[in-house]
Each structure stands twice: as structure tokens, then as C-alpha cells.
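Here are some quick notes to go with the model. Have the viewer open while you read.

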Amino acid sequence: MMRALVLLLLAAAAQTHRTDADADSDDSPPDAAALLLLSKAPPSSFEFPAAPRFAGVVAPLAAAVDAKAIAPWLTRLTLFPERYYRSQNGAAAAHWIADQVRALPVPKGTKLTVSFFNHTEFIQPSVLVRYENPFVKNLTGTVIAGTHMDTLAQRHPLGQGGPNPGADDCASGSASLFEALRVLTTNNWVPGRAIEFHWYAAEEISAKGSKEIANMYANKSIPVVAYLNVDQTGYVMPGTRPEVGIFSDYTTENATNFLSLIVEAYTGLPQVKNQRCGQECSDHVGWFRAGYESAFAFEGARKNGFPDIDVVNPDGSPLDTLEFINMTHVGVFAKNTIGFVVELSLAGTYNGTVPTSAALSRSSSNLLFGLLLQTTAGSFVCLVCVLGISLMLV
């Protein structure tokens, strides 16, 4: 009898105790689409480069990253009272990000597509952006970089959907991604294989948004070369050096090693490698579970990360505010993102040269001229004559 009573008490305690890993969860039952991956990604034949190859392309782009451009964008995102996945403010923040992307100029011959992924269980959509060159036919797969835009406000009198600017978690990562895309389009970089930038809803709730999207990609057998996750990029603990944290769980070796090479080549900051979440802590998890190559970059050593994520003071006053954000550090992760997506987008090209509409026209002219040169000697003489007359008439 006593033994049965002890077992009953232990079972009750197990049901009521919440660990830190459970802090992201809400009281609603988890949606099957987000938590159950129905299929795996198609096998990939892509071979990661042994080293970065396109420094001549990437270095000028990385140098164009501008902390002065990052600051107002990041600040504006924190002005939404919150970005909770079930709130109108959360949905409005997603639409604002989409509008910012649509306003970017793009080089002639490229295509920038902005779309919403509307989730079934909550109002905040995820923002999916695709930047591609329709004239590239021989490079398969897509390179994706992602972050999240939603917030959580534990301890708030109004509940976890209460006000929280979420400056570091994760307006900082959102700003790093936008700055990377801004630099690429405004500096006339033309992709090889397509790249995508994702801003996810509901990361704070067991990464539901990104899991649902990764599941959709796997179910449709969409080839993805690699996924880079960027979460919290703006905090440098006082008294410590700026670093880049790289995680080894829920990631793949190929993508993680390549990310490390990118950080070394294009930012030069010390790296804190082989860190572990020990739980499903961010949006890379869904892509890893779906069978895609994945890597995760963080603002530094996990122990030195911003200490007050997803919480506010008991009176509702915020903790995750702009005063703790190092805009230069946010820019470092824009550079990491640029290096990662550009190098993989151009992998398989000759010196990073990709066709555009203008390039195709030049190639056609060169091909025609080459064919004419291969004709008979008499025809070649006639060609020279025609060219000479044409020049005289100009």
C-alpha cells in the first residue's frame, strides 16, 4: 500500500514539474505537422567545398555590411509591442518584414519572390523569400538561411503573449538576415543556384513554424543544399571578446564544418565550437530532423549569451532591450550569412560566373562569330569585308 502511494506521488510530481526545456511550450496540444516529420529529404549528391573559393566575390559584399543600416531596421522591429505567434502584432511584424524585402532593388535578370507560409494553428505567418537567377539551369538545390521573428514574455502579468521588444531574441537575427539580403541585392550580386531567406513564426513554441516548413519541403522532395540557422546575434557579454558560437547537436558535420570555414575566412572572429543545446532549441532542428544539411550560428559561447531571453520583469517591464545590442556584432552574422549562401550558391561555377540575360546575349554573339570563323576561307574573307564596310558606315 505504501509503495503504491509513493509511486502515485512520484507520477503526480512528474506531471506538474516544468523544466527549462519545457518553458517554450504552451498549454495547447502540439500540432502533428510541426512535431511529426512524415518523410525525409531526398538524397543529395552535393559535395561541400573543402574551402571557400569565391573570396573575390564575397569579400566586397561582406565589406558592404553597414551597422548604421542595421540599427534603424532592428529598432523598428522592436517597436511592435510584441511579436507573439498568436497575436495581431505578431502577424503585423511578419507583414512589415515582407514589405521591407519587397522594397529592395534587384539586379536585372534576377527574381525576388516574397511569400507567406500560413500556419494552420496560429495567426502569425512565416515569411519566405526566394532570390534566384532564372537563367541558371545546371545548378540544383537551394541554399537557405533562416531565423525567427516571434517573441515570448514569460512572467508578464498578461501572460506569455505580453509585451516584449525581443531585441536580441530575435530582432537581432532577423536584422542580420535582412542586412545580408540587402547587401546582396543592392550590390548587384547575381545568384547561381537559388537562395532563400526565412523568417519563422512560433520558434518560441517548440519551433513549430520552421518544423512545419521543413516538413513541407521534405514531403515535396525539394532539394536543399544546406540550411543555416541564425538565432541571437546581438549580445556581447561585458568583459568578453566578440565570438561566434557554433553548435554541434541537431546539425550536420558537413554544413557545420563549412560554416566554420566561412567564419574564419570572412569575419576572423574566434569560434566557440562543439556547443550543444541539449534540447530542440531553435529552428535548425526541423531541418536536421527532415534530413537536410544544417548548421547553427549563435552570438558566442552559450554561457555568455544574453541571460534574459523570453522573460520580462514580474511587473511587465522588459529586459531584452536595445541597450544590450551590439550592432557591429549583428553585422558579423550578416557577413557569415553572406559568405555561407554566396559560396554555396556559386559552387560548381567557373570563378563565380553565372549567366544573366545580358550575358546570354553576349554568349550568343560570341558563338555566332565562332561559327562563322569555322566556315571556308572564302566565307571568312567575305565576313571581314562585311565587317570593314560596316565599320566605315558607322
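**Notes on cysteines and charged pairs**

1. Cys170 first. With a relative accessibility of 0%, Cys170 counts as buried, since the cut-off for that label is under 20%. Keep in mind that this is a predicted model.

2. On to the disulfide. Searching the whole structure turns up 1 disulfide. The partners are Cys277 and Cys281, and their sulfur atoms sit 1.8 Å apart. The torsion about that S-S bond is about 55°, so the disulfide is right-handed.

3. How accessible are the two partners? Cys277 comes out at 8% relative accessibility and so counts as buried. Cys281 has a relative accessible area of 17%, and is buried too.

4. Have a look at Arg302 next. You'll find Arg302 in the loop between β8 (294-298) and α10 (327-346). At 40% relative accessibility, Arg302 counts as partly exposed. Leaving aside residues up to four places away in sequence, Arg302 touches Phe247, Gln275, Arg276, Cys277 and Gln279.

5. Now the charged pairs. Side chains of opposite charge can pair when their charged atoms come close. The count here comes to 8 salt bridges. One of them joins Glu121 and Lys208, at 3.9 Å from N to O. This pair links distant parts of the chain, 87 residues apart: Glu121 is in the loop between β1 (111-117) and β2 (126-132), while Lys208 is in helix α7 (residues 208-219).

6. Glu121, at 37% relative accessibility, counts as partly exposed.

7. Arg130 and Glu132 form another salt bridge, with their closest N and O atoms 3.3 Å apart. Arg130 is partly exposed at 26% relative accessible area, whereas Glu132 is buried at 18%. Bring Glu196 into view as well, as Arg130, Glu132 and Glu196 are linked in a network of salt bridges.

8. Last pair: Glu243 and Arg241. Their side chains meet in a salt bridge, 2.8 Å from N to O. Glu243 has a relative accessible area of 11%, so this residue is buried.

Key
Residues numbered from 1 in each chain as written. Predicted model: local features only at pLDDT ≥ 70, side-chain atom pairs only at ≥ 80, totals over all residues. Heavy atoms only, no water. Disulfide = S-S within 2.5 Å. Buried < 20%, exposed > 50% of the residue type's maximum accessible area, 1.4 Å probe, protein only. Helix = DSSP H or I, 4+ residues; strand = E, 2+ residues; numbered from the N terminus. Contact = heavy atoms within 4.5 Å. Salt bridge = Lys/Arg side-chain N within 4 Å of Asp/Glu carboxyl O.
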